[in-house]
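Keep the model open while you read.

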Amino acid sequence: MKFQNTFSSRRNFLLGAAAVSLSPHSSFAQAQAWPTRAVKIVVGTGPGSGTDTITRLLAPRLEAIWKQPVIVENKAGAGGIIGTEYTLAANDGHTLLMASPSMLLAKYTTRSLRFDPLTALIPVYRVFNTPVVFITNAKTAQRAKTMAELVALSKSSPQGIFFAGAGRASFFNLAMAVVAKPMGLRYTAVDFTGMGPLTMALMRDDTQLAISGHISVKGQLESKELHALAVIDSHRLAALPDVPTLEEAVGYKGFLPVSWGGIFVPKGMPADAVNAIARAFSTLYADEAYRKSLEARLSGTLLQSSPAQFAKEYAEEANGWKNTFATLGIVPE
């Protein structure tokens, strides 16, 4: 009888332990639920871009949290469309997309778009915001040292100056379209597939103006091969304290486009996986010293976010751009 009770108690203990270990609410089950293999983060821009830089800086920390390799893969071109289509085609539960506003903007500029950015993807986490800067090359800076002088220079020929863009649907091109008209800036866009070719064309004076995040051209600004003319933001950048805002430079008071980077996954990704991704970023950003060190390197802001918050912001921004394009007469082509 004593043996029978002991056996029964041991059996009940083992069954209880098994139930706890298999419970979907246990920490062990949560830790094993996602990811179960290597995670790929697709970047819709080329190597050296601000989005690429922040993704590669975050990858080792995400590996430590997820206990799985994190692979960063660049799929640049068509203003982020190529990277988005690649992610949607993979749809394997372990391929994430680090996207910029270009992906969203394609909805309003590209008639043949094969996906809807508002319904095909789940916004998971808004990773960073970064103001962008008007930059020119050393040769052009000899003729136009300020943004106001560059605007005047652009009016000296019918085609204006050449603007180094990243595709009609890209954030850079569309930000330019929004701010150029009120400034009276005349330009012709010449498009490139990545920041490397774009920057080289600017330094060769094949183009005279570009819009870029500070981090993407930090070295060239420091060497004086490129010059920053104005920040497209309401405040000056701490990293470029002598560079005026667009309002200070030319009196511009219109819409100020802000670049950002955010994590998306294809629609249908399980909620547990979406939440696991968001928790990882929240954990990283809770480390204030780490967050501030990244912000200093990027001249941007790393954000505490969530799937619900990012989805709300994403929808609001889509509506804002839609209205802006309607006002400017920009339609899908």
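## Ground rules and confidence

This is a predicted model, where local features need pLDDT of at least 70, side-chain atom pairs count only at pLDDT 80 or more, and totals for chains, interfaces and linings use all residues. Numbering runs from 1 along each chain as its sequence is written, and side-chain values use heavy atoms, with hydrogens and water left out.

pLDDT is the predictor's confidence in each residue, from 0 to 100. The chain has a mean pLDDT of 87, with 90% of its residues at 70 or more. Helix α1 (residues 2–22) has the lowest confidence, a mean of 39, while strand β1 (residues 39–43) has the highest, at 98. Helices (H or I, at least four residues) and strands (E, at least two) are DSSP runs, numbered from the N terminus. Over residues 1–31 pLDDT stays under 50, and the model has 8 contacts there beyond four places in sequence; a contact means heavy atoms within 4.5 Å.

An open sheet is built from 5 strands in the order β7-β6-β8-β5-β9, with mixed pairing. Two strands count as paired if DSSP finds at least two bridges between them. β7 (187–191) and β9 (226–232) sit at the edges with a single partner strand each, so one side of each has no neighbour in the sheet.

Further in, strand β6 (residues 161–165) and strand β8 (residues 209–213) pair in the parallel sense over 2 bridges. Alanine 164 stands opposite alanine 210 in β8.

## Two nonpolar cores

A nonpolar core is a set of buried Ala, Val, Leu, Ile, Met, Phe, Trp, Tyr and Cys residues joined through side-chain atoms within 4.5 Å. Buried means under 20% relative accessible area (1.4 Å probe, protein chains only). The largest core has 64 residues, and Phe134, Met147, Leu185, Leu209, Ile211, Leu246 and Phe264 touch the most other members. Helix α8 (residues 171–183) supplies the largest share of this core, 9 residues.

Leaving aside residues up to four places away in sequence, isoleucine 211 touches residues including Val132, Phe134, Phe163 and Ile232. A second, separate core has 33 residues, among them Val39, Leu62, Val70 and Ile277.

## Helix α4

Which residues of helix α4 (residues 81–90) are buried? They are Ile81, Gly83, Thr84 and Thr87.

Key. Buried < 20%, exposed > 50% of the residue type's maximum accessible area, 1.4 Å probe, protein only.
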